[in-house]
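User: Could you walk me through this structure, starting with the aromatic rings?

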Amino acid sequence: MLKATAAVAAVGAGRLALGPQPAAAAGAPGRPISMAMHIHASWSEGVGSMQGHLEQATRAGIDVMWWTEHDFRMAEHGYPGLVHMNGPAEQVNGVAWSWAEQRQGTLASSQVRWDRTTASPADAATPGSVRLTATSAGPDAAAVRVSGTAANTVHQRSVYDQTIEVDVYPAEVSPHAYLTVEITTSWRPATTGRPAGQYKLTYVINGTQGKSRTASGLQGVVHLPARQGRWNTVRMSPAEDIARFWPDLESRDAAMLSLTLGAVSEKGRLADGWFDLLRISRPARSADAVLQVQAALMAGYAARFPAVRQYQGLEVSLVKPTHVNWFGPEITMPAFAKPQPVADPDPAAGLAVVEMIHSTGGLASYNHPFGTSHPAELPPAEQDALRAKVAKTVLADRAMGCDILEVGYPSRGGVDLERHSQLWDVCSRNAVFLTGTGVSDDHSGQDWLGQESNFVTWAHSPSRELADLLAALASGRVFFGDPARFSGVIDLQVDGGAPMGSVTTSAAATRAVRAILTGLPADGVVRIVQGTVDLAGPAKPEPGTTFTEMPASAWSRGYVDLPVDTRSPRFVRLEVRDRTGRVIALSNPVWLLRDVPAGGIPAARS
């Protein structure tokens, strides 16, 4: 593989795949392995499901998917489990919980009243409840509701083995005037004659004493027995009801995205009642039990989506200065420093996480360096200032010792792809050898190719086996880009042998870098980025790069030989741009040094 000749791209896995795939260079025995490296499903915030993501991966022809759910969200660490409902806002385990009023339809009258004097007998020590009343102005249903939310979105959680209990006092209910508990769950693709969308469970309390279930499309309705004029505890098991209503779905692959309490009126009838003491629980289990459930879901889905190889990863999220993705063979649930779901401000905690990942044979990724938000892009000067600020932080602890840097974001934290790449260049300038990857950080599983953040990573790997993929990532044998706009191959060779990602030393004044590219857009350009490796440090957090551009037509043979002046140490990488100047693919660098740096050269890159 390392001795590939001019038109040969790296070895890949030769299997039939669906959707657009990078074409292998002439003479190559295979093709690169495409990887979605940062994906969130039903254990994280957002509407995504494993089923939805796997369908998108199959449609896009992705070979490998890494599940990187947030660790504390999978563990439900510090999540509110008991809400007293003694006001529109309260603290639960140190987490802010609040209720927002909603109204629907045409109401003749309605009221949401937080009643400090009335409470369920089970909650007498913390008196308070919410009274909901609604009267429709006509025959059609109209409702008043309160919807619960919590800080850091911790009201959203997986429904597997989940039990929800709430105490309810139906004061005035009937078949046309009733109380409800509504749970909206994860988005699923169209299946078994049902359209794509979010599945919803509605639990109805209307005074009837029998329990019944009906379903239509994506809506399931359960009638719960509860007597008027007294407090009742109603119990709900969403996963069990999903399994009953839609047995073709994997019921554990769903999140409770919203929980809403309501009073619904039809035909002008009065609906009136109180709610108190919301409890959300599941049986106690070991810390790693949730990872075992995820593994079981992966195994089940493997038969349904055989084209996609799945691996467990984990986004370790309660550390500073950034989240860390864990890729490796021995994923376990980390311990949490604080009882609340908040980040440990001690930078040593992040360093310890990376050390722990390395101790298990894994790789650590420095995630979304400019933050987790998706605001509009900042003005260029502000982006430059933020890039310099973040670069100082990254250099101060050498990216916490991480192996990977998430570079391929078209926009994140108000910062464009250009500045993400420049931050990477600052690291390369300072001999911080990081493998750049492209990611989507997708939480929806609905439109992988069409959304703005859609980058994937291609690995020059002989197979889809975990050890081979980790080796490619550790050595920088990957490139990344937009799979909707690029279907080619990128590789680099130094002096006829050293591959992309390598760090080499030589006293030669000029060295040869062979740029191997296929599948370029006919009207595109290739930008050759070169930078000094002068170890400028945090005092000078600038990329120090220059570039030249060549038309795609220059790669008619599949490669171009680039002489590089190495009288001073350099690094070289490539960018593929379309006719508008948009970056659609990037290589990893090669480093052309004159001496071994003080920190040495990682074995994987030597």
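**Aromatic pairs and helix packing**

Analyst: The structure holds 14 aromatic pairs, where rings of Phe, Tyr and Trp (its six-membered ring) pair if their centres lie within 6.5 Å, and planes under 30 degrees apart count as stacked, over 60 as edge-to-face and the rest as tilted. This is a predicted model, in which local features need pLDDT of at least 70 and side-chain atom pairs count only at pLDDT 80 or more, while totals for chains, interfaces and linings use all residues. Residues are numbered from 1 along each chain as its sequence is written, and side-chain values use heavy atoms, with hydrogens and water left out.

User: How are the rings of Tyr 199 and Trp 246 arranged?

Analyst: Their centres are 4.8 Å apart and their planes stand at 80°, so this pair is edge-to-face. Tyr 199 lies in strand 12 (residues 197-205) and Trp 246 in the loop between helix 3 (238-245) and strand 16 (255-256), so the pair ties together parts that are 47 residues apart in sequence. Helices (H or I, at least four residues) and strands (E, at least two) are DSSP runs, numbered from the N terminus.

User: Are Tyr 199 and Trp 246 buried or exposed?

Analyst: Both Tyr 199 and Trp 246 are buried, and buried means under 20% relative accessible area, exposed over 50% and partly exposed in between, with a 1.4 Å probe and protein chains only.

User: OK, switching topic: how do helix 6 and helix 7 cross?

Analyst: The axes of helix 6 (residues 380-396) and helix 7 (residues 417-429) come within 10 Å and cross at roughly 35°; such axes are lines fitted to C-alpha atoms, for helices over the stretch in contact, and angles run from 0 to 180 degrees between N-to-C directions.

User: Which residues make the contact?

Analyst: Among them are Val 390 and Val 394 of helix 6 and Leu 423 and Val 426 of helix 7, where contact means heavy atoms within 4.5 Å.

User: What is phi of Asp 441?

Analyst: Phi of Asp 441 is near 50°, a positive value in a residue other than glycine. Asp 441 lies in the loop between strand 25 (435-438) and strand 26, and with a relative accessible area of 7% this residue is buried.
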